[in-house]
Amino acid sequence: MLARHIQYFLAVAEHSSFTKAAAALHVSQPALSQQVRQLEESLGAQLFDRSGRTTRLTDAGDVYLIYARRALQQLQEAKRAIHDVSDLSRGSLRIAVTPTFTTYLVGPLIEAFYARYPNITLNLQEISQERIEALLMADELDIGIAFDDIQTPDLEAVPLLSETLALVVSRKHPLAEQRSITSQGLSAESLVLLGTEFATREQIDRYCRQYEIRPQVQMQANALGAVIEIVRRTGLSTLLPAKIALAHDDLVAITLEPERLQRTAVLMRRKDAFLSAAVREFIELAKGVASELGE
């Protein structure tokens, strides 16, 4: 009953309406109102101001909202803990990665995990690092793979591998036979880059500012696959992890000199999150796969 009270309270707070909350929960409005009244009576405080056209939280409701969200999150974790099976004969895992890892890390990692535990349901997303951090804190993800530039203090990170970004060109590009390129040479290149919402682009922009490089960005794309396809089919080049070029026969990675653009990939999780058997095993497998890729 307590969990239902919390769920109903949160729904009304989210929709600012008993009618909309009832529709979202697929219950009648009188039943919803009765449950919220019971909650208010048990707390000895009015949680909602019902006098206006919009239902608003009272001061007491604002305070209770913080704890209600936390309580619901813990109840959901408790439910997963009960259903966790230590032998991994069933279960689920929610994972998110930033785009550049899809090409060379995610494939081998999922292959290794699925080969061992085919009955574990995997939900995999490719999203920005900012979004990964938000979903981890909201308990909507178990694990995120991104970079060590973490902005959320309640997340912990396990280092996986070091990446070196390079100038990536097609084998038909005039620079394809070069082994390295200077800052001056990079400034002369016409580039296609990931959009500014991506962590990779932020790191590239920071690198260019630091070494006074003035990149000629001719195109932007919001998908890694699009960037790679553009490089294949045009004379444009890009800045991406060298390992991505190694995974494609028709691409070449040219080392940035004299200062290389490097970063550390990490596996992220919420510090106080329940550590299921599936999460523990995935972390160990990720370390092993990353170690092999780094060799």
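The model is predicted: local features need pLDDT of at least 70, side-chain atom pairs count only at pLDDT 80 or more, and totals for chains, interfaces and linings use all residues. Residues are numbered from 1 along each chain as its sequence is written, and side-chain values use heavy atoms, with hydrogens and water left out.

**Exercise 1. Overall form**

Task: Describe the chain by its helices and strands, its radius of gyration and its share of buried residues.

Solution. 
Step 1. The chain contains eleven helices and twelve strands; these are DSSP runs numbered from the N terminus, helices (H or I) having at least four residues and strands (E) at least two.
Step 2. The chain has a radius of gyration of 24 Å, whereas a compact globule of 295 residues would have one near 19 Å. The radius is taken over C-alpha atoms, and the globule rule is 2.2 Å times the number of residues to the power 0.38.
Step 3. Along the principal axes, the C-alpha atoms fill a box of roughly 75 × 50 × 30 Å.
Step 4. Of the 295 residues, 44% are buried. Buried means under 20% relative accessible area, exposed over 50%, and partly exposed in between (1.4 Å probe, protein chains only).

**Exercise 2. The two sides of helix H2**

Task: Which residues of helix H2 (residues 18–25) are buried, and which exposed residues does the face turned away from the buried side carry?

Solution. 
Step 1. Phe18, Ala21, Ala22 and Leu25 are the buried residues of H2. They lie on the same side of H2 because they cover an arc of only 100° around the axis; the arc is that of the directions from the helix axis to the C-beta atoms.
Step 2. A general rule applies here: an α-helix has 3.6 residues a turn, so residues three or four places apart point the same way.
Step 3. Lys20 and Ala23 are exposed on the face of H2 turned away from its buried side.
Step 4. Just after H2, histidine 26 has a positive phi of about 60°.

**Exercise 3. Salt bridges**

Solution. 
Step 1. The structure holds 16 salt bridges, each being a side-chain nitrogen of Lys or Arg within 4 Å of a carboxyl oxygen of Asp or Glu.
Step 2. Glutamate 40 counts as buried because its relative accessibility is 7%. Arginine 50, at 27%, counts as partly exposed.
Step 3. Lysine 287 is partly exposed, with a relative accessible area of 36%, and glutamate 284 is partly exposed at 47%.

**Exercise 4. Arginine 94**

Task: Where is arginine 94 placed, and which residues are linked with Arg94 in a network of salt bridges?

Solution. 
Step 1. Arginine 94 belongs to strand S3 (residues 91–97).
Step 2. The network of salt bridges links Arg94, Asp139, Asp142, Arg270 and Asp272.
Step 3. The C-alpha atoms of arginine 94 and isoleucine 143 are separated by 6.6 Å, although the two residues are 49 residues apart along the chain.
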